[in-house]
Each structure stands twice: as structure tokens, then as C-alpha cells.
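Please look at the structure first.

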Amino acid sequence: MNNKNKRKAIHIKTFIIPFIIIAIIFLIVGKILIDSIKNHYYNQLEEQSINFARSYSHSLAKGTEAYEIVDKLLEDKLSVASKIVAFYDYHHSNEQLKKLADTLEVDEIYSYNPQGEIVFSNTDKYLGWKAYEGHPVYDFIFSNKKSLVEDIRQDTESGVYYKYGYFKAPDGCIIQIGVLADKIQNFLGGFEIQQLLDEMEDDEIIGQISFIDNYFNILASTDNGLVGRKITNQDVRSAIDEDREHSFLNYFYGKKVYEVFIPVYFQNSKIGTLAIRQSLEKTEAIVRQVSTIGFVTLSTIFASLLYAMASTYNKNKKLIKLAYYDSLTGLPNKEYLIEFLTEKIEKNNGDKKALLLINCSNFRTVNLTFGFQYGDTILQELAEKLKELANIYIILFRFTSDKFVLYVDNYDEKNDLIRLANKINEIFNNPFKSTDVNQFIGAQVGIVEIDNNYNSIDQLLKDASVALTYIKDNSSANYAFFNEEIENIVKREEMIEKEIRTALSEKNTKKLYLEYQPQVDLKTNQIVGFEALARMKTKNLGLISPVEFIDIVERKQLMIPFGNWVLKTACNFIGVLNNKGYDVIKVAVNISGIQLMRDDFIDTVMDIIKETGIKESNLKLEITESIILEGFTIVNSRLKQLRDLGIEIALDDFGTGYSSLSRIRGLNIDCVKIDKYFISKIPVKDHSELITKEIISMCHKIGLTVIAEGVEVKEQRRYLVENHCDIMQGYLFSKPLSKEKTLQILKNNYKDRKNNNYL
Ligand code: C2E
Ligand code: MG
Ligand code: MG
């Protein structure tokens with residue numbers, strides 16, 4: 001996951017999208033599952049219905065065939081019986097016919113005379129009855145037919161149903177044999193369609209069955225109400241017409257049914273269509289049941305997935321909160337800011353963007369004085385106050401412990417940012433009240449307008465910090481824009497830094513060198529020593545003031561290699577002086593607090609002395625008053641160690657710092673250098689107002705030598721001599737000199753000494 005996504009992972013959106021996708025997948029899977037369950041059961045029903053219909057249509061065809069056969073047999077029986085009767089005896093009697101009826105197992109036997117009158121019968125009831133015109137018996141008698149078997153019909157006299165067979169005997173009499181329809185029905189009924197259907201209905205699996213003739217009439221049905229009705233549904237009609245198997249999902253009295261139509265053939269011709277109508281109630285109940293089980297299973301899986309996602313989301317949220325939010329203030333942190341800015345810079349939308357870096361100046365002191373808990377309370381109150389400045393265009397971040405950032409988007413003009421900086425300052429101008437005391441915190445705001453030139457977040461944040469430094473140096477306002485001027489300063493600093501780094505890595509560098517300013521005894525005018533002053537000169541930048549480059553050396557963590565280089569170079573020069581016989585001359589080297597505070601400082605000094613083979617007594621170290629602030633005890637013990645080695649210590653720039661005369665009393669030093677500020681006042685101020693005289697006498701009282709710095713004019717020298725100052729250093733005698741000129745001036749001074757020129 002890239003950074004952008006990592007931070008975004010906190011957003012619910014990242015989880016909602018997979019959630020929606022999973023939900024859709026589940027819906028689709030659910031739908032497919034239910035559909036396939038439905039299809040499976042419907043297909044099963046269809047297959048079952050078709051199979052049943054096929055086997056029933058087969059039964060129907062076979063039944064019809066059986067019926068035809070039996071009917072034919074019956075007809076044959078009637079025909080044979082009538083012939084037997086006719087040929088049995090020409091002299092019929094009623095008694096004979098009764099016996100024959102029993103033997104032949106028929107119900108009625110009538111013997112007609114050629115006129116159509118019943119002359120004998122096994123029953124007495126119709127003897128003498130004569131067939132009249134239009135009666136079927138009459139029609140047969142007077143037809144050309146020899147024999148006939150009628151379909152079942154109602155007897156015209158009794159109204160009972162019979163099946164009759166007729167035969168004309170050679171003597172002209174006519175025999176009629178009748179079998180009661182009831183008996184035939186009992187016998188044939190087993191093969192009738194309706195009965196077959198009724199039997200089929202007993203089969204539990206099947207629903208309603210109907211038999212439809214080729215003219216769409218329902219001839220038989222297990223639903224009596226349907227018998228005699230005509231099929232009107234056009235789809236069904238065309239299905240029947242097409243002579244194919246058809247199945248439909250249909251509605252019957254508002255209920256879903258499944259209908260199967262199968263043609264029934266007898267002797268290669270279609271005799272009708274078997275229709276099976278299955279209710280879907282049972283199938284649907286099964287589908288519902290199985291679908292419910294499927295749905296519950298899917299829902300359980302879905303719910304488990306959701307649960308897993310939700311816990312991952314919460315876990316992620318917690319992790320991301322830990323990584324991207326500050327636990328004390330709840331504000332997005334530095335990591336968040338860096339990724340946020342990267343995104344903003346990448347997606348440059350053309351809006352004006354700026355960054356305000358808020359630095360609490362005395363927060364460290366507050367923390368150290370009142371404790372961290374107190375500091376945390378203040379920070380929380382501060383965060384709450386700053387949050388009030390935030391809106392959709394202004395986003396607040398906690399950058400580091402005592403630094404906050406306001407990112408401003410879409411502002412109109414620089415003045416908007418100034419107004420915002422002023423609002424920030426207002427917050428800091430009021431005391432913080434969450435603690436018992438009304439605590440004041442100082443603040444500065446470094447502002448960077450993010451233009452298209454920025455493609456590195458590091459650079460952006462660095463520029464904001466640089467702007468802050470600029471305020472500290474020029475503390476008139478408590479906000480500063482990172483502008484061209486600062487940019488130039490920074491660029492120059494970077495160039496100087498680079499030059500120093502290369503110079504320190506070169507063996508015999510020309511970029512860095514030392515100049516030596518003579519220190520002269522005010523009583524004898526003899527050179528007693530020199531101050532080694534670092535110089536820097538490069539092709540690109542020319543001569544650079546030590547005030548400028550030493551500050552850079554300090555800030556860019558170069559003081560140790562630089563200090564060592566100075567010390568070594570100065571000691572080498574001492575070696576040169578010693579070789580030339582100047583063995584009482586002292587060379588003073590300026591030492592920074594950074595050097596003195598290092599645990600290995602004494603060892604380093606000793607190593608260099610050893611390496612250069614000089615005497616400790618020729619070396620003098622100048623420290624500034626500010627070093628004492630780093631820690632009096634430790635500084636003092638180091639100074640003692642140095643002095644014990646025979647190295648002289650001078651307190652530089654005395655009077656500009658915080659140390660009082662009473663404080664230096666206990667300090668392990670040998671001499672005090674009165675700062676040139678005091679010396680410069682000598683010609684202008686009334687001498688009585690000057691404290692220089694007092695400083696000199698006080699220093700003498702505690703056994704310290706006094707050196708006056710920056711002595712430029714004779715009047716100053718005179719004053720110093722009058723007030724018993726020991727040594728002077730300044731342009732009046734000599735400016736700092738190159739190595740060669742130093743040796744020259746020393747030579748001249750020694751010559752004059754012999755000639756007593758100075759006295
Ligand atoms: P500092 O140690 O107080 O050095 C004396 C400064 O006064 C030198 O300035 C010197 O050139 C200047 N000066 C001497 N006589 C006169 C005078 O009559 N009139 C005026 N106006 N100025 C005079 P420079 O060389 O520019 O050094 C400035 C500061 O840089 C030094 O002040 C010292 O604090 C620092 N510095 C120079 N070299 C080194 C070094 O090697 N190491 C460290 N740590 N600091 C150094
Ligand atoms: Mg000095
Ligand atoms: Mg000085």
C-alpha cells in the first residue's frame with residue numbers, strides 16, 4: 001500500500017466499496033441460487049409430469065385399443081348368438097328361447113315374423129309387439145342387411161339400455177338378441193377413458209387430468225366440472241394443433257399451475273390430447289423451504305464476512321490513528337502532514353496554498369520548570385484554541401512537540417495569511433488558563449507560500465523553519481514569510497557550509513586560514529601574544545566574515561572538526577614560533593561552548609599539543625561568557641583541568657554577557673578580555689562614567705590579568721595605561737596578520753625591544 005492509500009485506509013469509503021461489492025456478489029449469488037433451486041424443482045416437476053403424461057397417454061391408447069377389441073368381441077358374440085338362435089330350430093317356442101338365453105348368457109331374444117311382429121321371446125312382455133316405421137328394428141327388417149350389431153341404445157319400450165344384434169334367418173324370420181347395457185358397461189367400463197383418468201387421479205403425485213379431443217372439447221376429466229367444456233386458450237389450442245408435447249406455467253383460478261399436453265395416438269392417428277395440470281403449491285413450498293435454508297446460510301456467511309471486515313476496519317482505524325494522529329491533542333501528526341502535503345503538491349489544482357509553522361518559543365523551559373504534565377495541559381489548551389482557526393480551507397496539524405502547522409488552501413492574498421498570523425499571535429498574547437497559574441507562551445509563525453517551485457516536502461518544511469529562524473534574528477515581528485531575501489540568505493549559507501565542508505576535508509586548504517592579531521603589554525609595548533582568528537576566502541564568495549561563517553559552523557554541526565583544525569593550525573604556528581626562538585609568546589585560540597562541552601575536549605587538546613610538540617604554556621584558550629551558562633560546575637572543572645596542564649584561559653568579550661564580577665571570582669581563568677564595546681566608549685564618554693577602570697581594578701584584585709580588545713585610538717591606550725590595564729589588542733597596534741606578517745612584526749618588535757624603541 002502506498003503512503004497515500006495507507007492514510008486513506010482510515011476512511012470508511014475504503015471499506016464501503018468492498019462491502020458494496022460483497023453485498024452485490026451475495027445478492028447475485030443468492031438470486032442465482034434461488035433461481036437454480038426453483039428451476040431445479042420446476043424442471044423436476046416438468047419431467048415428472050411429462051413422464052406421467054407419457055405413460056398415461058400410453059395407457060389411454062392401450063385402453064382405447066382394449067375397448068375396441070372387447071367391443072368387437074361383444075359384437076361378434078351378438079352376431080354369432082343371433083345366428084345360433086336363427087339356426088337352432090325353425091319351430092321356436094318361448095321355452096326354447098329362454099333356455100337359449102341362459103346358455104348364450106344374453107338377456108333378451110326376440111323372434112320376429114317377416115312382418116316385424118314379435119312371435120317368440122324369452123320374455124313374455126313384448127309378444128305381439130310390431131316394429132313400426134322409423135324404429136331401428138323396422139329399419140333393419142326392411143333393409144338389405146343380413147345382420148347388424150347396433151351400438152348401445154335405449155329400448156323404445158322399456159327405456160332400458162341394451163346392445164342389440166340382428167340376423168335374418170333363411171325362412172324369413174328375424175332374430176334379435178339383446179344384452180343389457182349395464183352388463184356391457186361393467187365389462188367395457190374398465191377400458192373407458194373417464195375411468196382410466198379416475199384411476200390415474202388416485203396416483204397421489206399427479207394433479208388434475210383431462211382428455212381433450214381433436215376439436216378442443218374436454219371429453220373426460222378428473223374434474224367433473226370441466227367435462228364438456230371447450231379449450232379457449234389460444235396457446236393451448238396451438239399446442240394441441242401442433243401434435244407435440246407442450247408444457248406451460250399457467251394460472252388456474254388465480255393459482256400457479258403447471259400444465260402438460262401430450263397427444264394420444266391410436267393406430268397411428270391422434271385420438272386426442274392428454275392434459276395434466278399440476279398445482280405448484282407443493283413445489284413452491286419446497287422451493288421456499290430450500291431457498292430459505294440457502295438464504296439463511298448465505299446471510300450467515302455474509303454476516304460473518306461483514307463482522308470480519310468491521311473488525312479489520314476498526315483495527316486498521318486504531319492502527320492508523322496511532323500512526324497518523326497525535327494522542328495528546330487528537331490532531332493529525334507530522335506523518336499525516338507529510339503525506340497530506342505530498343498529495344497537495346502532486347495534485348496541484350492551481351489554488352493558492354500556504355503553510356504556517358507555529359513555534360512555541362519558551363515551551364521547553366515551561367516543561368523543564370513545571371513538568372511535562374503541566375506542559376501537556378498547556379499543549380492541549382493551545383491545540384483547542386488553534387482548532388478554532390481551522391475550517392475546510394485551514395487544516396491544523398501537530399508537527400512536533402512544541403510546533404504546530406496550519407495548512408491554508410485557497411486564500412486570496414498575502415494579507416489573509418498575515419491576518420491569520422495575527423490571530424495566532426492573539427491566542428498567544430492571552431495567558432493559558434488550564435493550569436493554576438496564568439501561563440504565557442511565546443510564539444513565532446514562519447510562513448511559506450507554496451508555489452509551483454516546491455516539489456519536496458522537506459524543502460517546504462525546511463523553508464518554514466528557516467523563516468522562523470529569521471524572526472528570532474530580527475525579533476521586531478513575530479511572523480515572517482519565507483521570501484527571496486531569506487531564500488538568498490539560505491542559499492548563501494548552504495554555499496558557505498559546502499565550502500567549509502570541502503575545506504575541512506582538504507589537506508592543505510587555502511579556503512580556511514588563520515590570522516594572528518598581536519597582544520601588546522601596555523607597560524613595555526612588547527608583543528606578549530597573539531589571538532588566532534579564523535579567516536575564510538573562496539573563489540566564489542570572496543572573503544567571508546568569521547561572524548557569519550562561525551555561526552554557520554555552529555548550526556551545521558561543524559564546530560568539532562573546525563575547532564580541531566583551528567587548534568591544530570594555531571599549535572603548528574606555535575611550533576614555528578618556538579623554532580624561531582619565541583618561546584614565551586602565547587597564542588590564544590577561540591573555543592566554542594560546543595567544543596568545551598565535549599567529554600573528549602581535554603584529550604583532544606592534549607593530543608594536538610603532543611602531535612605538534614609544543615609547550616602547554618604557549619597555548620591560551622579564549623572562552624566566552626555564554627559558555628558558563630551551559631553549566632558552571634562542569635565548565636569550571638574542565639577549565640581547572642586545562643589550567644592544571646599549564647594552558648592559560650581568558651574570558652572573552654567580558655561585559656557583554658550575564659556574568660558579574662562576583663561570578664567570575666570563582667571561575668578558573670587567568671585573564672579577562674574587556675569587550676571592545678567598552679573600549680569604544682573611551683573617547684566619547686566622560687571618563688568618570690566609564691566602568692572600565694573599575695573592571696580593571698576589580699580583576700586585578702582577584703588576580704586576573706586584563707586585556708583590552710579593540711583598541712583603535714591613542715586616547716583609549718592612554719586611558720588603559722592610566723588605569724593599569726595589562727595588555728591591549730587592537731588596530732592601534734596591528735590588525736590581524738597573516739602568518740608571514742606576524743613573524744615579521746614579531747621580529748621588528750624584538751628588534752625594537754633591544755633598541756628600547758617603545759619605552
Ligand atoms: P573575538 O574573539 O572577540 O575577536 C576579536 C574580534 O575583534 C576579531 O574579529 C578582530 O578582528 C576584531 N578586532 C580586533 N581589533 C579590533 C579593533 O581595533 N577594532 C575593531 N572594530 N575590531 C577589532 P573577527 O576576526 O571578525 O572575529 C569575530 C569573532 O569571530 C571573534 O571575536 C570570535 O568570537 C570569532 N572567531 C574568530 N575566529 C574564531 C575561531 O577560530 N574560533 C571561534 N570559536 N571563534 C572565532
Ligand atoms: Mg577572541
Ligand atoms: Mg572578543
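Strand E18 gives four residues to the shell around ligand 1, the largest share. E18 (527–538), helix H15 (546–555) and strand E22 (648–654) each supply at least two residues of that shell. Helices (H or I, at least four residues) and strands (E, at least two) are DSSP runs, numbered from the N terminus.

This is a predicted model, in which local features need pLDDT of at least 70 and side-chain atom pairs pLDDT 80 or more, while totals for chains, interfaces and linings use all residues. Residues are numbered from 1 along each chain as its sequence is written, chains are lettered from A and ligands numbered from 1 in the order written, and side-chain values use heavy atoms, without hydrogens and water.

Of 21 residues around ligand 1, those that come nearest are Gln517, Arg535, Asp652, Glu712 and Tyr731; a residue counts if one of its heavy atoms lies within 4 Å. The table gives polar contacts, pairs of N or O atoms within 3.5 Å.

| Side chain | Atom of ligand 1 | Distance |
|---|---|---|
| Gln517 | nitrogen | 2.9 Å |
| Asn590 | oxygen | 3.0 Å |
| Glu709 | oxygen | 3.0 Å |

Taken alone, ligand 1 exposes 780 Å², of which the protein buries 83% (Shrake-Rupley method, 1.4 Å probe).

Asp652, Asp653 and Glu709 coordinate the magnesium ion (ligand 3) at 2.0 to 2.5 Å; donors are N, O and S atoms within 2.8 Å of the metal (3.2 Å for Na, K and Ca), and sites may look incomplete without water. Asp653 lies in strand E22 and Glu709 in strand E24 (residues 705–709), so the pair ties together parts 56 residues apart in sequence. Asp652 also bridges this ion and the magnesium ion (ligand 2), and the two ions lie 4.0 Å apart.

Technical notes:
Polar contact = N/O pair within 3.5 Å; in protein donor to acceptor, adjacent residues only side chain to side chain.
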